[in-house]
Amino acid sequence: MSEPVPDAPVLEVTDVVKSYGDNTVLDGISFQVRRGETKIIIGASGSGKSTILKLIMGLEKPDKGSIRIESQEITSLTDRQLTPVRSKIGMVFQESALFDSLSVRENVAFQLHETGVHEDEVETRVQKNLGFVGLADAIDKFPSELSGGMKRRVAIARALAGEPSIIFYDEPTAGLDPITSRKINELIIALRDLNGVTGVFVTHRMRDAFTLASQYAESVNGHVEYRREGQLLCIANTRFLMLRNGKVIFEGPDEVLRRSQDPYIKRFLE
Amino acid sequence: MPLTPKAAVKEVQDLSTLTAQAFIRSFIRPFYVRDILEQMDRIGVGSVVVVMLTGFFTGSVLTLQSAKSLSAFGAKGLTGQLVAISLVRELGPVLSALMLAGRVGSGIASELGSMVVTEQINAMRALGTDPVKKLVVPRIVATTAMLPLLTIVANTIGLLGGLFIAVYVLLINGNVYMSSAWNGLEYVDVVGGLLKPLVFGAAVAIVGCHCGLRTYGGTQGVGRSTTQAVVAASILILFFNLILTRIIWPPS
């Protein structure tokens, strides 16, 4: 394995092509995510957003192209070889994908149990992560007893259990009401700004995307506060990537995206 | 999916691959002993009542029918022997396995199928755990280990059901029935009769896991996988039964 280069991108996707049968979902996608950056991937349903996450997580293999995570090529690795790479990554799935047969505690502890972490340490970390998402009370419940928003928060706690430096979010706010979505977005902002977690956020909801790109979290006397960017401060660690028909049609910060003259993008933002 | 020859070959290939993967992984750490015991409880202990009922009714009806035919030859006293041999060699293993295909094969397929469509399998892989090791191996080990035991239960209850019918309905002396049953059985019958469920158990679990894991297309897909698992497992049981019978009791 090659030594990580200090300034190399955390995630580097180059000319990735993926088709299902005759349907080309991704047609030569390239982008990079630097350390501490959050990349928001937007696009209509079926534009291949979720497929990108599956590919960079190694759950599926691209037909062509290269995917590097911390300079390591992952497209040729088997599930077994991918384990050390995946331990650096947390993933929040579209419909939470919690294990129904396990309690909230066991869901969050799953990865820790699998890697043989000591039971006391497991309990501490489970408490800490559930506390972070505000669900310390739900520890003994089962996923079927939770609301949609609570499930997403447990899914975030589960993704955080292995203390990853990268997190992928697959439409974490889909199907949630605005208040619950806001809570989820705040968690993601806090992880980005206070913990320095690198993120890839897939969504088709522009409202959530712009919240992420225009607000930041600050720790004031041990209490997290959320503020909006203004004249003096502009969030530079969150950038957009827009997909259409398997191709990248825009890449850059929200200010540029909002001013775009492209008719498709303008219609999408309305 | 239409059953073309190509699809059938692909199916056999996929089943063999899964079997090989599961076999190799069952020797690699971690061993998931807790999951195996949990599955043994669900599959084995959970199926005891169903298998007991199957055994009882089969043994009873077998006694009724064979006593009728045998008395035509004045050999009513041999009823026990005929029932015992039929049960231990064929009906016990096959019917228990078919009940398990319906109860356990369908359960495995629908559980794993639901996990596929709700992305729990992907989540498991993303968390660095191999679903074949964590889910498939414990189910195969548990089913393979439990079916021979369940078959013993079915045979025993079947013989007792037969005894009940013999004594109270056919008015055969109970000692005659039991000693005839005991003398009729040979060593090879017992060993062969326990070898069969070992193979059937593995078949039920592997087919259930295979059908579950290749589920696609939402909840409708889960239903389809479950049906396929039961049908395929049942046919495989009957097929292997023919092969194994030919091998264990070669025609002289």
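**Reading a sheet and an interface**

User: Which residues does B:R125 touch, not counting residues up to four places away in sequence?

Analyst: This is a predicted model. B:R125 touches A:G58, A:L59, A:D79 and A:R86, and also B:P131, with residues up to four places away in sequence left out.

User: Where is B:R125 placed, and does B:R125 count as buried or exposed?

Analyst: B:R125 sits in helix α5 of chain B, residues 120-126. Buried means under 20% relative accessible area. B:R125 is at 17%, so B:R125 counts as buried.

User: How many residues of each chain are in contact across the interface?

Analyst: 16 residues of chain B contact 19 of chain A. The two chains bury about 1,600 Å² between them, 54% of it on carbon and sulfur atoms. On the chain B side, B:Q120, B:R125 and B:L127 lose the most area to chain A, together 38% of what that side buries.

User: How many salt bridges cross the interface of chain B and chain A?

Analyst: The rule finds 3. One salt bridge joins the side chains of B:E119 and A:K54, at 3.5 Å, N to O. α5(B) gives the most to the side of chain B that touches chain A, with 6 residues.

User: Now the sheet. What is the strand order in chain A?

Analyst: Strands of a sheet pair through backbone hydrogen bonds, parallel or antiparallel. Here an open sheet of 6 strands runs β6-β7-β8-β3-β11-β12 in chain A, with mixed pairing. β6 (89-92) and β12 (247-252) of chain A stand at the edges with a single partner strand each, so one side of each lacks a neighbour in the sheet. The twist averages 15 degrees from one strand to the next.

User: How many bridges join β11 to β12(A)?

Analyst: 5 bridges, and the two strands run antiparallel. A:M242 stands opposite A:F250 in β12(A).

Key: Residues numbered from 1 in each chain as written. Chains lettered and ligands numbered in written order. Predicted model: local features only at pLDDT ≥ 70, side-chain atom pairs only at ≥ 80, totals over all residues. Heavy atoms only, no water. Helix = DSSP H or I, 4+ residues; strand = E, 2+ residues; numbered from the N terminus. Buried < 20%, exposed > 50% of the residue type's maximum accessible area, 1.4 Å probe, protein only. Contact = heavy atoms within 4.5 Å. Pairing = 2+ DSSP bridges. Axes fitted to C-alpha atoms, helices over the stretch in contact; angles between N-to-C directions. Buried area = accessible area lost by both parts, 1.4 Å probe. Salt bridge = Lys/Arg side-chain N within 4 Å of Asp/Glu carboxyl O.
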